[in-house]
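Okay, hi everyone, thanks for making time.

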Amino acid sequence: GESLFSLNGKKERTWQYMEYAQHNRRWISIRNKAHKYNYYYGGGYEELFDMQHDPRETRNLLAGDVSADINKIRLTMRKKLLKYESAYGLKGYTTDNDFKKGEAYSPRPQRNEAFPRFPAKLTDSAEIAVMNEYLEEVILAVAKEPVVRLRELDIRSWQEKGGFSDEAINKLLETDDRRHSK
């Protein structure tokens with residue numbers, strides 16, 4: 001990137017390059033004000049999003065039939081991303097002027113056992129009285145997240161590891177069902 005000590009104090013942000021991880025979990029991305037292009041080394045999967053009309057990135061423009069105009073944007077951004085990855089990315093991920101394609105990534109779900117333990121240790125009744133229950137916090141957290149579907153998560157592990165009752169889990173799932181039926 002540009003030096004923090006540049007003369008005008010403003011960073012050039014016409015293009016933003018991002019990278020994450022290694023091997024088949026590695027993904028890289030480039031964006032400008034109009035579009036964002038992602039490349040996933042695991043399987044060579046690509047995404048393109050219209051950042052002006054779809055800033056939450058809910059519709060991959062490369063899914064399904066791709067128009068000539070969209071493909072032109074894809075190729076332009078792919079070429080720019082390849083340039084950045086070759087210059088600044090991890091060594092060995094580009095070859096012969098293209099990205100290497102790795103074995104498709106298969107996620108291995110983890111069981112999060114880090115449920116909040118501090119509420120059980122609170123002693124101040126005034127503090128306890130103003131706190132939300134953990135599942136209420138989950139409901140609030142996903143209330144405006146249209147792609148989150150709690151039934152698709154491993155809710156039973158929450159119950160087993162978090163100690164939530166059948167009643168609490170049912171409340172959580174019913175709330176989520178109502179949210180998606182609107």
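This is a predicted model: local features need pLDDT of at least 70, side-chain atom pairs count only at pLDDT 80 or more; totals for chains, interfaces and linings use all residues.

Let's start with the rings. A pair of aromatic rings is described by the distance of the centres and the angle of the planes. There are nine aromatic pairs in this structure. Take Tyr41 and Tyr93: their centres are 5.1 Å apart and their planes sit at 70 degrees, an edge-to-face pair. Where are these two in the chain? Tyr41 is in the loop between strand 3 (35–40) and strand 4 (45–50), while Tyr93 is in the loop between helix 1 (68–88) and strand 5 (94–95), so the pair ties together parts that are 52 residues apart in sequence. Are they buried or exposed? Tyr41 is buried, at 2% relative accessibility, and Tyr93 is buried too, at 12%.

A second pair is Tyr134 with Phe164: here the planes are at 5 degrees and the centres 5.7 Å apart, so these rings are stacked. This pair also links distant parts of the chain, 30 residues apart. Tyr134 belongs to helix 3 (residues 134–142), and Phe164 to the loop between helix 4 (155–162) and helix 5 (166–181). Tyr134 is partly exposed at 32% relative accessibility, whereas Phe164 is buried at 15%.

Now back to Tyr93 for a moment. Together with Tyr39, Tyr41 and Phe99, Tyr93 forms one aromatic cluster. And Arg26 lies over the face of Tyr93, 5.1 Å from the ring centre.

Okay, on to the helices. How do helix 4 and helix 5 cross? Their axes come within 11 Å and cross at roughly 145 degrees, and the crossing is right-handed. On the helix 4 side, the contact is made by Ile155, Arg156, Trp158 and Gln159; helix 5 brings Asp166, Ile169, Leu172 and Leu173. Sorted by class, that contact has five nonpolar residues, one polar and two charged.

Asn97 has a positive phi of about 60 degrees, although it isn't a glycine, and at 71% relative accessibility Asn97 counts as exposed.

Conventions: Residues are numbered from 1 along each chain as its sequence is written. Side-chain values use heavy atoms; hydrogens and water are left out. Rings of Phe, Tyr and Trp (its six-membered ring) pair if their centres lie within 6.5 Å; planes under 30 degrees apart count as stacked, over 60 as edge-to-face and the rest as tilted. Helices (H or I, at least four residues) and strands (E, at least two) are DSSP runs, numbered from the N terminus. Buried means under 20% relative accessible area, exposed over 50%, partly exposed in between (1.4 Å probe, protein chains only). A charge sits over a ring if NZ of Lys or CZ of Arg is within 6 Å of the ring centre and within 35 degrees of the ring normal. Axes are lines fitted to C-alpha atoms, for helices over the stretch in contact, and angles run from 0 to 180 degrees between N-to-C directions. A crossing is left-handed if the near helix is turned anticlockwise from the far one by less than a right angle, and right-handed if clockwise. Contact means heavy atoms within 4.5 Å. Ala, Val, Leu, Ile, Met, Phe, Trp, Tyr, Cys and Pro count as nonpolar, Asp, Glu, Lys and Arg as charged, and the others, Gly among them, as polar.
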